[in-house]
Amino acid sequence: MAKIVAGVASSHVPLLGVAVDQGKTQDDYFKPIFDGYEWTREWEAREKPDVVILVYNDHASFFDMKIIPTFAIGCGERFNICDEGWGPRPVPVVEGHPDLAWHIAQSLILDEFDMTVVNEMDVDHGLTVPMSMMFGQPDKWPVKVVPLAVNVVTYPPPSGNRCWALGEAIKRAVESFPEDLNVQIWGTGGMSHQIQGPRAGLINQEWDNMFLDGLVGDSDALRHIPHIEYLRETGSEGIEMVMWLIMRGALGRQTKALRRFYHVPCSNTAIGHIVLEPA
Amino acid sequence: MSGTLGKQSIHEYLAQFDDIPGTRVYTAARARKGYHLNQFAMSLMKPENRTRFKAGERAYLDGWPLTEEQKQAVLARDYNRMLDLGGNVYFLSKLFSTDGLSFAEAVSSMTDMTFEQYKAMMNAGGRSPEGVRSIEQGN
């Protein structure tokens, strides 16, 4: 039987991908951030997950305004790397796990989550930056990935409550997959940031840390935070944090934290990272 | 399943967004107004389109069903104006990439700061939410 053994959350700032690709991770600006992920890189190397369900958002890279799926699950064999306007990142192609992905997609639909199934899809920094943060620069990624793209660009994105409930349904789906698989679920994006308008540059360390606190233990208070609170308190792009709630919802009633890291700034953004296990 | 399930009226939900200082939430109304502006920006992800755009910005823009106001905002690189006319920053980022600007530099142009001042603010912990949460509440 497959099992969700851990949850990981991480910001996915594109500049971190640039730092990796251009060999700048030890520069003064970036070193504290990459040091902050060192524990997790070693932990991932020991854990050797078979599959990561990677919750992320596309940033007008593969999806444009023609089609806006709220929840899209990648069921293909592999996912190429998007050219985001300056050439694709020099990272390995992302291998999918079509058997598990289709199983999850079918189970979710029966469970009343009407997913968009995507067979061909390129993935952008939202997915590849967390991969680089957790696995460095291998010739081939050490895991298969089920990409789960969430619309957090065009309003309304899904509610925090819906994201949490989707996570709960993903846990049920994974646990009914017959093959023995060690599965992780990652929530990416955030934390506080606003990259538009005169209020750009907003960072709210107190709120971000409240959110990190709320992911640990048996409280489900975070699922009830309304969109307007993310917008006011964490900037217009802080809404990406609803994706972390899919990860949290998939870990069951209670969690414990194995690792937590927070750093300001990277470009316009507060970097947050947490590793959780079901408790 | 527990929790508050989508019981809010869409009218109340959308009305709240106008109360956030210095922020344009990308609502359906903005998305409809800016559809072609955003699709134009998206076209700049292809190198051949970037070359054509750089060779003649006005002519390239004339190939899209944009309003004159939208075209002027693009030519002036007035990002706040583009947001007002329905642009979304993830789409518009293809325009500032075409110009060779970093995200942070382009973003700083939407504030009342120079890029140097903006970088200094970010390195000092970013813009505080104090006083910029709500126009009505002034907090």
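This is a predicted model: local features need pLDDT of at least 70, side-chain atom pairs count only at pLDDT 80 or more; totals for chains, interfaces and linings use all residues.
A polar contact is a pair of N or O atoms within 3.5 Å, in which one atom must be able to donate a hydrogen and the other to accept it.

Arg127(B) is buried and yet has no salt bridge; Asp112(B), the nearest side chain of opposite charge, is 5.2 Å away, and a salt bridge would require a nitrogen-to-oxygen distance within 4 Å. Apart from neighbours within four places in sequence, Arg127(B) is in contact with a run of chain A residues, Pro198(A), Arg199(A), Ala200(A), Gly201(A), Leu202(A) and Ile203(A), and also with Thr111(B), Met113(B) and Met121(B) from chain B.

Turning to the interface as a whole, 48 residues of chain A are in contact with 51 residues of chain B. The two chains bury about 4,200 Å² between them, with 59% of that area on carbon and sulfur atoms. Across the interface there are 23 residue pairs in polar contact, counting pairs with both residues at pLDDT 80 or more, along with 2 salt bridges. One of these salt bridges joins the side chains of Arg232(A) and Asp19(B), at 2.9 Å from N to O.

On the side of chain A that touches chain B, the elements giving two or more residues are α6 (160-175), α8 (227-234) and β9 (255-266). Helix α8(A) gives the most, with 5 residues. By class, this side of chain A has 19 nonpolar, 18 polar and 11 charged residues.

Notes: Residues are numbered from 1 along each chain as its sequence is written. Chains are lettered from A and ligands numbered from 1 in the order in which they are written. Side-chain values use heavy atoms; hydrogens and water are left out. Contact means heavy atoms within 4.5 Å. Buried area is the accessible area (1.4 Å probe) that two parts lose on being put together, summed over both. A polar contact is a pair of N or O atoms within 3.5 Å; within protein, one must be able to donate a hydrogen and the other to accept it, and residues adjacent in sequence count only if both atoms are side-chain atoms. Helices (H or I, at least four residues) and strands (E, at least two) are DSSP runs, numbered from the N terminus. Ala, Val, Leu, Ile, Met, Phe, Trp, Tyr, Cys and Pro count as nonpolar, Asp, Glu, Lys and Arg as charged, and the others, Gly among them, as polar. Buried means under 20% relative accessible area, exposed over 50%, partly exposed in between (1.4 Å probe, protein chains only). Lys and Arg count as positive and Asp and Glu as negative; His and the chain ends are not counted.
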